[in-house]
Every structure is written in structure tokens, then in C-alpha cells.
2 protein chains.
Amino acid sequence: MPLSPTDLGFIELSFEEAKRSLEQGGLPIGSALARGATLIASGHNQRVQQGDPIAHGEMDCLRKAGRQLTYRNTTLYTSLSPCMMCAGTIVQFKIPRVVINDTINFGGNEAFLRSHGIEVIDAAHAPSIDQMRTFIAANPALWNEDIME
Amino acid sequence: MPLSPTDLGFIELSFEEAKRSLEQGGLPIGSALARGATLIASGHNQRVQQGDPIAHGEMDCLRKAGRQLTYRNTTLYTSLSPCMMCAGTIVQFKIPRVVINDTINFGGNEAFLRSHGIEVIDAAHAPSIDQMRTFIAANPALWNEDIME
């Protein structure tokens, strides 16, 4: 299992960010960016809260991280598998490692990431999967808007 | 030539947005999103101005456009060819048509966009190309940071 205790902590943090967004009436998708054991930033989806269509969980986290001269020694944690926007961003930013809590409720871009040499780990985090599944069932229109379906 | 007078107007607008960013001390990259002849929003790179690494010209424009239920009848104009983040976003948002002022100073993702069925038009807008070339020559570190080199 390639997940360290550090990873497990940041997996929980991305889940907590997702939960925070849900409590705010938003989409329950959260993310964290870390350099080894050091947290750089965490964030969550802001479509509802800020009316911002580009602020997926990963994007909000990267925005909050501010200007980094390099991402080459970072890991991006995300509660849900990255869409094409976020996957493109991970490639562009040269983030070498991505840990995903949930590839069940959304997925498909893991192969794209791997084809760019990125290590992709499916953490199969049951609380994230359950929370997202429940949200989608209750809010299909909002979910479809967020993934542009 | 597939460029209409409407296109030419929005090409100028994306150039003007780039110029505005330059005047603010930022990267001279601008963008506009339109539905036919109707402007939805325009924006420009905000890396310097807001310390925001995800706010490339296209992203700032899409953020300012707010929540759109569909992008299927829109055109995205950009003063510089989209990076992998912005190209991924165009695919994710299902924007069907992209007009690029400058594929000389940066490029490479046109094939990726076309492989997703997107119409990509190289407008070869000399003022945009000249402005970007001059900026890169004078500010190599800022430019390299923006493209994560």
C-alpha cells in the first residue's frame, strides 16, 4: 500500500474540506496540496458559494496555495477524481503525485494523468464515496452543472 | 477565412484585455467569451495582480462569466494559445470553438483540442504576437513561472 500516515491525514483533510462545502450548501468536493508532511493549502468547490464555475476543489486549493515556483515535490489530494479541467491543471503545474479518495462517483481521467508520468493513487476512502453518492442522488441538477452534463 | 467581423471584434477585445494586464504589471494575456455576437465576459491573466496561479486569461474570463448552464454555443477568444490547464478546461466546459491570436510564442495544445472535436482557429493577430514576444524577452522569469518551466 503506497499510502503513508501522512497521506492518510491529508486524505482526511480533503474529506473534511468536502464536508465543509456541503455544510455551506455547496458541492462536497475538497482538496489539499502538500509538500511531504507540510500542508501548503486546502480548499473546496466554490460553484455555489462564490458562483465560480472554475473553482472545483482542486482549483480552489491551488488558488489558495498562491504562487509556487515549483510543484515537483508536492502531492495533490482530492476527495473526487479530477475532471478534465483539473487533470489538465495537474499536468500543466507538473504535480507528480495525486491521491484520489473516490473514483467511483466520477472518474476517467486517471489514464490521462498516468500518460503524463503522474503517479495516481486510488485511496478508496469510503466516507468520501458515501458522501458524494448521497449528494449526487439528492442534487442531480447541481452535480450535472458542475460536470457540464 | 472563417473569421467574421464579430470574431475580429472579440479578437481585438482579447488583445485589449492582454494590454490592460500589461499596464497593471501583469502578464499580457487576455480572453473573451461570447455567444454569437453577444459578449458574456472578458478577462486577463491575474498571476501578478492577484497572486493567483490558476487565473490565466481564459480562466479569469470563465470565472467572470459565472455559472453558465451550457457553453455549447459559445466561442472562446484568447490572445495566446491555451496551456494544458486552459485546454483541459475548454474540453471540460464543452466550448466548441476557440479563436487564438498567437500560436507563435506558445502553443502545442491545438491538436489536443481538435482531438476532442473543438474547432480551433489561428487568427495570427500580429499585435498580440508582437506584444507577447516583447514581454517574454523582457520578463523571462515571470513567463517561465506562468507556464511552470
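How many residue pairs are in polar contact between chain B and chain A? The count is 10, with both residues at pLDDT 80 or more. A polar contact is a pair of N or O atoms within 3.5 Å; within protein, one must be able to donate a hydrogen and the other to accept it, and residues adjacent in sequence count only if both atoms are side-chain atoms.

This is a predicted model, in which local features need pLDDT of at least 70, side-chain atom pairs count only at pLDDT 80 or more, and totals for chains, interfaces and linings use all residues. Residues are numbered from 1 along each chain as written, chains are lettered from A in the order written, and side-chain values use heavy atoms, without hydrogens or water.

**View 1. The interface of chain B and chain A.** In contact (heavy atoms within 4.5 Å) are 30 residues of chain B and 30 residues of chain A. About 2,700 Å² is buried between the chains, 63% of it from carbon and sulfur atoms. Buried area is the accessible area (1.4 Å probe) that two parts lose on being put together, summed over both. In chain B, R67(B), Q92(B) and M148(B) lose the most area to chain A, together 27% of what that side buries.

**View 2. Salt bridge of K94(A) and E149(B).** The closest N and O atoms of K94(A) and E149(B) are 3.2 Å apart. The interface has 6 salt bridges (a side-chain nitrogen of Lys or Arg within 4 Å of a carboxyl oxygen of Asp or Glu).

View 3. A rotation of 180° with 0.0 Å of shift along its axis superposes chain B on chain A (RMSD 0.0 Å), by least squares on the C-alpha atoms of residues with pLDDT of at least 70 in both. That is the relation of a two-fold axis. In chain B, the C-alpha of G88(B) is nearest the axis, 2.4 Å from it.
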